[in-house]
Amino acid sequence: MKSKTEFKHESLLTADDVRALLEALSNGLTKGKLEFSDEHEGSLQIEPEGLLHVKIEASEEEQKQQFEIKVRWERQAKALPHKGPKIS
């Protein structure tokens, strides 16, 4: 079994730079493939498919505002039992 592979990146960008990143994510979702890379973290390719679980959070705290978008999916659909439970 393959171990967990991660890509992480953190930087200070302008709103236009962030918009361009979000557009790149949108284009990758349309194509069914996203490749993440930078000079320090290497690269990671993922292929979103099927139903995607989306979580969006936004918050404001004194001088800090933020939003987060998290998207996840299963590479293979989980097998469900073909029989119902016994209830008496």
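Start with the lining of the largest pocket: helix H1 (15-31), strand E1 (34-38), strand E2 (42-46), strand E3 and strand E4 each supply at least two residues. Helices here are DSSP runs of H or I with at least four residues, strands are E runs of at least two, and both are numbered from the N terminus. This is a predicted model, where local features need pLDDT of at least 70, side-chain atom pairs count only at pLDDT 80 or more, and totals for chains, interfaces and linings use all residues. Residues are numbered from 1 along each chain as its sequence is written, and side-chain values use heavy atoms, with hydrogens and water left out.

Now select Phe7, Leu25, Phe36, Ile46 and Ile69, which lie nearest the pocket's centre among its 45 lining residues. The space inside is about 2500 Å³. By class, the lining has 19 nonpolar, nine polar and 17 charged residues.

Next, pick H1, which gives the most to that lining, with eight residues. Its 17 residues should span 24 Å at 1.5 Å a residue, and the end C-alpha atoms are 24 Å apart, so the two agree. (The expected span is 1.5 Å times one less than the number of residues.) Step past the helix to glycine 32, where phi is positive, near 85 degrees.

Last stop: glutamate 62, in the loop between E3 (53-61) and E4 (64-72). Glutamate 62 isn't a glycine, yet its phi is positive, about 45 degrees. Is this residue buried or exposed? Glutamate 62 is exposed, with a relative accessible area of 78% (exposed is over 50%, buried under 20%, partly exposed in between, using a 1.4 Å probe and protein chains only).

Technical notes. On a 1 Å grid over the protein atoms alone, a cavity is a set of points where a 1.4 Å probe fits but cannot get out, and a pocket is an open set with protein on both sides within 12 Å along at least five of seven lines; lining residues have an atom within 4 Å of a point. Grid points are joined across faces, edges and corners, and a volume is the space filled by probe spheres set on the points. Ala, Val, Leu, Ile, Met, Phe, Trp, Tyr, Cys and Pro count as nonpolar, Asp, Glu, Lys and Arg as charged, and the others, Gly among them, as polar.
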